[in-house]
Amino acid sequence: MLTRRLLQLFIGLAMYGISLAMFIRAGLGLDPWDVFHQGVAGRTGLSIGVVVIIVSFLVLLLWIPLRQWPGFGTLCNAVLVGVFADVGLALIPAFAHLGGQIGMLAGAVLLNGIASACYIGARFGPGARDGLMTGLARRTGWSVRVSRTLIEVVVLGVGWLLGGSVGVGTVVYALAIGPLVQLLLPRFMVPAALPPDTAGLDAAGLDTAGLDTAGPVAVEPGARIS
């Protein structure tokens, strides 16, 4: 299974970075974290891919007081999503007409959902931002939903103040990505080696609440993996 897991991890991260570039080229708004990334990029003159990488490692520093430890996939995520975002921006043109923008947005959401399912299903650990969310929930006793909402409201607000793009795409992403990942994840989840007495788990290693039992990533509607 290791070869499949590695291929699925790297392909998922590459697709995730390309989907970020597609969101930007659509010009209809980004998800909360990428509103923040875009705002910082606009203020600093750095490429958005470089900003994604820098922010990923800064977020990992916040894992220390939460006693959260990165996995192999966490470190790959911190680097590769930003790299492929810049590759995608170099290759994908911007669209000047609404029809092209809508098509690009739809493709970005779909590709992002597939990428998320691939990456989570590979079972190599959460992305920096998801680890912050689940670590905060574990340390404070808050639900994952509350932790995620608090974090994303903050980064969305700061990103908007910095000039990041908020629009209909932000709303579409928030509403569509959770159900899409929930639908696709069973198709990409690498089966776990389960002990004979493990109860309440299906063949994909998911418990009845829809949690990824190989790590701290919860399949939360609307949750982001980077």
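Reader: Where does α4 bend?
Author: At A78, by about 30°. The bend at a residue is the angle between axes fitted to the seven residues ending there and the seven starting there. Helices here are DSSP runs of H or I with at least four residues, numbered from the N terminus.

Reader: Before I go on, what kind of model is this?
Author: It's a predicted model, where local features need pLDDT of at least 70, side-chain atom pairs count only at pLDDT 80 or more, and totals for chains, interfaces and linings use all residues. Residues are numbered from 1 along each chain as its sequence is written, and side-chain values use heavy atoms, with hydrogens and water left out.

Reader: OK, and what's the mean pLDDT of the protein chain?
Author: 86, with 85% of its residues at 70 or more; pLDDT is the predictor's confidence in each residue, from 0 to 100. Over residues 196-226 the pLDDT is below 50, and that stretch has 73 contacts in the model beyond near neighbours in sequence. Contact means heavy atoms within 4.5 Å.

Reader: Back to α4. What's its span from first C-alpha to last?
Author: α4 has 20 residues and covers 28 Å, close to the 28 Å expected at 1.5 Å a residue. The expected span is 1.5 Å times one less than the number of residues.

Reader: Which helices do its buried residues pack against?
Author: They pack against α1, α3 (48-66), α5 (98-121) and α6. The buried residues of α4 include G73, A78, G82 and L89. Buried means under 20% relative accessible area and exposed over 50%, with partly exposed in between (1.4 Å probe, protein chains only).

Reader: What about L7, buried or exposed?
Author: L7 is exposed, because its relative accessible area is 51%.

Reader: Last one: why does S19 count as buried?
Author: Because its relative accessibility is 0%.

Definitions and conventions
Helices (H or I, at least four residues) and strands (E, at least two) are DSSP runs, numbered from the N terminus.
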